[in-house]
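User: I have a model open and want to go through its fold. Can you take me through the sheet and what packs on it?

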Amino acid sequence: MGDQIKLGECLIEHEGDEKYIMVKVTQGEGAPILHLVSMPLAYHSDIAKAYKRRLAGEGKKIEVRGGGILTIDRSKKKIKTYGMSFGFGAPNIDDVRSVLEKNFWGWQLEVTVTSEIRG
C-alpha cells in the first residue's frame, strides 16, 4: 500500500458476479481510506458515479484506482476477483487483497488481476 492509505470498507451489493472498483476516499485533511465497491451496474463508471453521489452528502471525495470483476458466494464464504476495468485500468492486487482480508476475515479469497475486460 504505497502512499499510506488506510484500509476501509467493502461495499458488495450483490450475490454472484459483478464489476468492482477500488476507490480512495478523502474528507478534508483526514487520511485517505481505500474502499472496494461492487454494485450490480453495467459499467465501472456507473459504480463510480453512484458511490460518488452516495458519499457527496458526507463531504467525501473519491478517486478511482482501478477495477475488475468480483464473484461472491456468501453461503460458501468465498470471493474471487479477476479482470480489469477498461476505463480505470487494473487495480493494485495488494490493495484488493488487503481490503478483502480486512473485511472478510476467514473467507476463502482468490484475488487475481487479469487482462480480461467485460463490456
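**Sheet and helices**

Analyst: This is a predicted model. Strand β2, residues 16-26, and strand β4, residues 61-73, pair in the antiparallel sense over 10 bridges.

User: Which residue in β4 is the bridge partner of I21?

Analyst: The bridge partner of I21 there is G67.

User: What is the strand order in the sheet?

Analyst: The order is β1-β3-β2-β4-β5-β6. The sheet is open, has six strands and shows mixed pairing.

User: Which strands stand at the edges?

Analyst: Those are β1 (6-12) and β6 (108-111). Each has a single partner strand, so one side of each is left without a neighbour in the sheet.

User: How many degrees are neighbouring strands turned against each other on average?

Analyst: The average is 25 degrees, with direction ignored.

User: OK, helices. Which strands does α1 touch?

Analyst: Helix α1, residues 44-56, packs on the sheet and touches β1, β2, β3 (33-38) and β4. The direction of α1 makes about 50 degrees with that of β2.

User: And which ones does α2 touch?

Analyst: Helix α2, residues 93-103, also packs on the sheet, touching β1, β2, β3, β4, β5 (78-82) and β6. The direction of α2 makes about 75 degrees with that of β1.

User: Switching to K52. Where does K52 lie?

Analyst: K52 lies in helix α1.

User: Buried or exposed?

Analyst: K52 counts as exposed, because its relative accessibility is 54% and the cut-off for exposed is over 50%.

User: What separates the C-alpha atoms of K52 and V64?

Analyst: A distance of 9.9 Å separates the two C-alpha atoms, and K52 and V64 are 12 residues apart along the chain.

Conventions. Residues numbered from 1 in each chain as written. Predicted model: local features only at pLDDT ≥ 70, side-chain atom pairs only at ≥ 80, totals over all residues. Heavy atoms only, no water. Pairing = 2+ DSSP bridges. Helix = DSSP H or I, 4+ residues; strand = E, 2+ residues; numbered from the N terminus. Axes fitted to C-alpha atoms, helices over the stretch in contact; angles between N-to-C directions. Contact = heavy atoms within 4.5 Å. Buried < 20%, exposed > 50% of the residue type's maximum accessible area, 1.4 Å probe, protein only.
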